[in-house]
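Q: I'm new to this one, could you walk me through it? Let's begin with the charged side chains and move on from there.

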Amino acid sequence: MKKKFIYVLAAFIGLYSCGDDFSETPAIGALSDDALANTTGVDLLLTGAYSVLDGQRNNSPGNQFGVSGDNWWTDVMSDDAHKGSNDADQEELFQMETNDIRTGNGYFRSKFAALYAGVNRANAALNVIQNIDTSNLLEADITKLAQQEGEARFLRGHYYFELTKIYGNVSIISVENFQELAFNQPNTGPAWDQIEADFQFAVDNLPATRADQSDAGRPTAVVAKAFLGKALLYQQDFGPALTLLNEVINSGEFSLAPEFLDNFNSAGENGPESVFAIQFAADDGFSFNGNIGSTLNFPGGGPFGSCCGFYQPTIDLANAFQVDADGLPFLDIADVPIFKNDYNIQSDEAFEPDTTTPVDPRLDYTIGRRGIDYNGFGEHVGKEWIRAAPIADISGPYLPKKSVYQESEIGVSRGQGDWGQERSGINYNIMRYADVLLMAAEAAVETGDLATALNYVNQVRNRAANTSVVQAVDGSGPAANYVVGLYPSFPDADFARQAVRYERRIELGMEGHRLFDLRRWGVTTTVLPQYYINETRVIENFGPKVLPYQATFDLIPIPVDAIDLSQGVLTQNPGY
């Protein structure tokens, strides 16, 4: 189900946390709840709930890029990405990267509103479903309505999960609240009970398998199990989480794509590894259905004249892809030497990329570096493609790759917008099967099952070992010394824990997960200060610009204007 915008109901298109002013008479061109009280009408409402997975809707408050469904800007608050561009562009993003956390930040406000828009659009569908008289319906229609309720509950569970992992203490808006336009509810804590209930309902009522589901973009019962397992993992309820994730793994519904790159190109969309994805599409010319929220994240002056040079991988992340002679990673990043890079070297100055140090091949599918092919566009020429200025700005020499389409896909996956915007039509995997394997491995470690953890981590590594690798631009063979080894054993739980966590970073790097992994592991106050030191070895003005990390930052603040609009019903997270 490719993303589509259907303007059918004024009562749900503009909703977010504060609601809208409704009249009893539907606006011209709108449909009443009575007109929508059938499976076709509910499907239209569900389309509205799906369509806000990417955060895009009319009249969005706050920063227009903060709504992005791939959570790219949260990586900027971690050790995986710099904001990119120059320090002055998108000042609010610079503030986040340097720990100048402000309650009025427009990124925080727009994401907050977008996620509550999703909650309320799901509630709009549930409200209609719950008021349909089923006494005279055919059995097939009753079954269909139950499945649609499962979809609405799944989507609502997803939006609440995102709210909880980002903001912590959030408001629960029930269907009854929605009916009464009582959107102003207190944010008394995390929404875990509601999230679990919604995902469990989806498990019990959605079609069992992909073959039973009408569209690739809709969830199944197995998908809902994966999300319920993730919710339990975030609460450190490891035993039940492992049970659910094992059921997903053993279902046979998913597998690792043979090619790592297929998770980031059109060929792999809705393939065996895609568990649940935002369904983007590149329209001809001006694209409304591409990844608008990530439009900043293309080379600034790159091979296709793109804007804007944001979302640059860190030196620290590039270092993490180095391996030993056996192809195994160095689990203590502080001991890893600096990988050769072209920081502060101009494009007309000589530079040869490192082709001898053993590295994991996922490096050159994740990070664009000088001298290596850039997604089929030819050799990355270095500084000419980097908008950030050495010395003056803090964003370093690297470019993102996973969020940028391949040269061969320009006619398929390239969408565009105003002022040189790039709106990629490639799906974003909210969850993919490698993530499921590594979540299960994490839960297995914490329950003492090191053999299962070893198996799942090595499955991910084995795919990396057997995937095609990036080739040298001169056609001489592989572009680097790519080596991946499998762990022979996990000698103890501490080693296994480090291995699983490290694997998540190099497998899922630049996919919007890193900050939340660090937070739930409780390691932000140790990992991030060490990262600031590591990064400053190369980007000397980075450390001096970064304020000390505080544990308070493990939750993003509730947007101050949302608190003001609530007239004190919403309360701020501790420490702000």
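Q: Which residues are linked in a network of salt bridges?
A: In this predicted model, the network of salt bridges links Glu273, Asp360, Arg362, Lys402 and Arg432 with Arg461, Arg463, Glu503, Glu507 and Glu511.

Q: And how many salt bridges does a search of the whole structure find?
A: The search finds 32 salt bridges in the whole structure. One of them joins Arg156 to Asp198, with the closest N and O atoms 2.9 Å apart.

Q: Why does that pair tie together parts that are 42 residues apart in sequence?
A: Arg156 belongs to helix α6, which covers residues 139–167, while Asp198 belongs to helix α8, residues 192–205, so the bridge ties together parts that are 42 residues apart in sequence.

Q: Are those two buried or exposed?
A: Arg156 is buried, its relative accessible area being 6%, and Asp198 also counts as buried, at 0% relative accessibility.

Q: What about Arg218, what does its side chain meet in a salt bridge?
A: The side chain of Arg218 meets that of Asp215, with 2.9 Å from N to O. Arg218 counts as buried because its relative accessibility is 8%, under the 20% cut-off, whereas Asp215, at 27%, counts as partly exposed.

Q: Where do Asp517 and Arg504 come in, and which helices do they lie in?
A: Their side chains meet in a salt bridge of 2.8 Å, again taken from N to O. Asp517 lies in helix α17 (residues 514–521) and Arg504 in helix α16 (residues 493–508), so this pair ties together parts that are 13 residues apart in sequence. Both Asp517 and Arg504 are buried.

Q: Taking the charges as sets, how many positive and negative side chains are there?
A: The chain has 39 positive side chains and 76 negative ones, and the centres of these two sets lie 2 Å apart.

Q: Switching topic, where does Thr366 lie?
A: Thr366 lies in helix α12, which spans residues 363–366. At 1% relative accessibility, Thr366 counts as buried.

Q: Which residues is it in contact with, leaving aside neighbours within four places in sequence?
A: With those neighbours set aside, the contacts of Thr366 include Phe260, Pro313, Leu317 and Phe321, and also Leu399, Pro400, Gly509 and Met510. Lys402 is among the contacts of Thr366 as well, and Lys402 is also a member of the salt-bridge network we began with.

Q: Anything about the backbone, say what phi Gln90 has?
A: Gln90 has a phi near 55°, a positive value in a residue other than glycine, and its place is in the loop between β1 (81–84) and α4 (91–97). Gln236 is not a glycine either, yet its phi is positive at about 60°; Gln236 is found in the loop between α9 (221–234) and α10 (238–250).

Q: Stepping back, how many helices and strands does the chain have?
A: The chain has 20 helices and eight strands. Its radius of gyration is 23 Å, close to the 25 Å that the globule rule gives for 576 residues, so the chain is as compact as a globular protein of that length.

Q: And what box do the C-alpha atoms fill?
A: Along the principal axes, the C-alpha atoms fill a box of roughly 75 × 50 × 50 Å. Of the 576 residues, 62% count as buried, and the chain exposes about 20,300 Å², of which carbon and sulfur atoms supply 49%.

Terms used:
Residues are numbered from 1 along each chain as its sequence is written. This is a predicted model: local features need pLDDT of at least 70, side-chain atom pairs count only at pLDDT 80 or more; totals for chains, interfaces and linings use all residues. Side-chain values use heavy atoms; hydrogens and water are left out. Helices (H or I, at least four residues) and strands (E, at least two) are DSSP runs, numbered from the N terminus. The radius of gyration is taken over C-alpha atoms; the globule rule is 2.2 Å times the number of residues to the power 0.38. Buried means under 20% relative accessible area, exposed over 50%, partly exposed in between (1.4 Å probe, protein chains only). Accessible areas come from the Shrake-Rupley method with a 1.4 Å probe; for residues, only the protein chains shown count as cover. Lys and Arg count as positive and Asp and Glu as negative; His and the chain ends are not counted. The place of a charge is taken as NZ of Lys, CZ of Arg, CG of Asp or CD of Glu. A salt bridge is a side-chain nitrogen of Lys or Arg within 4 Å of a carboxyl oxygen of Asp or Glu. Contact means heavy atoms within 4.5 Å.
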